[in-house]
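Trainee: Could you take me through this structure step by step, beginning with the whole and then moving to single residues?

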Amino acid sequence: MSLGHYEVREAIVAARPVAGVRAQVPRGRVAQEFGRHLNQVYAAARAGAMVLDGQNIFIYRDATDDQLTVDFCVGVKGPFAAVGVVLPLETPRGVAAMTTHHGDYGGLGQANAAILAWCRAHDRAQAGPSWEVYGHWHADPAQLRTDVYYLLQ
């Protein structure tokens with residue numbers, strides 16, 4: 001189903017191992033907060049604690065009116081032991097509604113809104129977490145790609 005310029009579909013997703021830092025973030029502050037948390041993951045990798053695949057993934061676990069619980073993660077190529085606040089985690093698994101956002105990260109709210117509208121239109125309940133898988137960085141915002149997922153019941 002297409003909502004605006006977003007094609008939303010169901011996908012069966014497997015768990016993916018990641019290295020992450022779980023943080024409480026005030027609503028509306030993810031863009032200002034993610035760097036310091038991801039820097040801890042990259043520092044642990046530079047110290048040899050794990051091998052990263054370089055793909056950033058943000059997993060949104062819980063939300064209140066004021067704050068979000070977010071796992072700021074990077075994909076890993078194998079198992080590792082926790083290093084301080086950097087934990088071995090994994091992305092959710094199961095059936096998810098998903099879409100792809102192309103362009104500046106400031107427009108990700110539209111992709112999320114498209115998935116939520118699709119869920120309402122198809123009478124599909126969310127099962128908790130949502131997550132964003134970021135493509136590799138490009139200085140040209142038009143080249144940015146982010147896949148957005150919502151786990152379904």
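**From the whole chain to single residues**

Mentor: The protein exposes about 8,000 Å², of which carbon and sulfur atoms supply 52%. Please keep in mind that this is a predicted model.

Trainee: How many helices and strands does the protein have, and in which order do the elements run?

Mentor: The protein has two helices and ten strands. Read from the N terminus on, its elements follow the order β-β-β-β-α-β-β-β-β-α-β-β.

Trainee: Why is the protein described as being as compact as a globular protein of that length?

Mentor: The globule rule gives 15 Å for 153 residues, and the radius of gyration of the protein is close to that value, so the protein is as compact as a globular protein of that length. Along the principal axes, the C-alpha trace spans about 45 × 35 × 30 Å.

Trainee: What share of the residues counts as buried, and what share of the contacts between residues at least 6 apart in sequence joins residues at least 24 apart?

Mentor: Of the 153 residues of the protein, the share that counts as buried is 44%. For the contacts, we consider those between residues at least 6 apart in sequence, and the share of them that joins residues at least 24 apart is 73%.

Trainee: Turning to helix 1, which strands do its buried residues pack against?

Mentor: Helix 1 has 17 residues and reaches 24 Å from its first C-alpha to its last, close to the 24 Å expected at 1.5 Å a residue. Its buried residues are V30, E33, H37, L38, V41, A44 and A45. These buried residues pack against strand 4 (17–26), strand 5 and strand 6 (67–76).

Trainee: Is E33 buried or exposed, and which side chain does its own side chain contact?

Mentor: E33 is found in helix 1, and with a relative accessible area of 14% it is buried, because the cut-off for buried is under 20%. The side chain of E33 makes a polar contact at 2.8 Å, and its partner is the side chain of R36.

Trainee: How are the rings of F34 and F58 arranged?

Mentor: A pair of aromatic rings is described by the distance of the centres and the angle of the planes. The structure holds six aromatic pairs. For F34 and F58, the centres are 5.7 Å apart and the planes stand at 45°, so the arrangement of this pair is tilted.

Trainee: Which parts of the chain does the pair of F34 and F58 link, and how accessible is each residue?

Mentor: This pair links distant parts of the chain, 24 residues apart, with F34 in helix 1 (residues 30–46) and F58 in strand 5 (residues 52–63). F34 is partly exposed at a relative accessible area of 32%, whereas F58 counts as buried at a relative accessibility of 5%.

Trainee: F58 also pairs with Y134, so how far apart are those two residues in sequence?

Mentor: The rings of F58 and Y134 have their centres 4.8 Å apart and their planes at 55°, so this pair is tilted. Y134 counts as buried, with 9% relative accessibility. Since F58 lies in strand 5 and Y134 in strand 9 (residues 126–134), the pair ties together parts whose separation in sequence is 76 residues.

Trainee: Which residues do ring pairs link into a cluster?

Mentor: F34 and F58 belong to this cluster, as does Y134. The complete list of residues that ring pairs link into the cluster is F34, F58, F72, Y105, Y134 and W137.

Trainee: Which residues does A11 touch, leaving out those up to four places away in sequence?

Mentor: A11 is found in strand 3 (residues 9–13), and at 12% relative accessibility it counts as buried. Not counting residues up to four places away in sequence, A11 touches G94, V95, A96 and M98.

Trainee: Finally, is D123 buried or exposed?

Mentor: D123 lies in the loop between helix 2 (108–121) and strand 9, and it has a positive phi of about 50° although it is not a glycine. Its relative accessibility is 72%, so D123 counts as exposed.

Conventions
Residues are numbered from 1 along each chain as its sequence is written. This is a predicted model: local features need pLDDT of at least 70, side-chain atom pairs count only at pLDDT 80 or more; totals for chains, interfaces and linings use all residues. Side-chain values use heavy atoms; hydrogens and water are left out. Rings of Phe, Tyr and Trp (its six-membered ring) pair if their centres lie within 6.5 Å; planes under 30 degrees apart count as stacked, over 60 as edge-to-face and the rest as tilted. Helices (H or I, at least four residues) and strands (E, at least two) are DSSP runs, numbered from the N terminus. Buried means under 20% relative accessible area, exposed over 50%, partly exposed in between (1.4 Å probe, protein chains only). Contact means heavy atoms within 4.5 Å. The expected span of a helix is 1.5 Å times one less than its number of residues. A polar contact is a pair of N or O atoms within 3.5 Å; within protein, one must be able to donate a hydrogen and the other to accept it, and residues adjacent in sequence count only if both atoms are side-chain atoms. The radius of gyration is taken over C-alpha atoms; the globule rule is 2.2 Å times the number of residues to the power 0.38. Accessible areas come from the Shrake-Rupley method with a 1.4 Å probe; for residues, only the protein chains shown count as cover.
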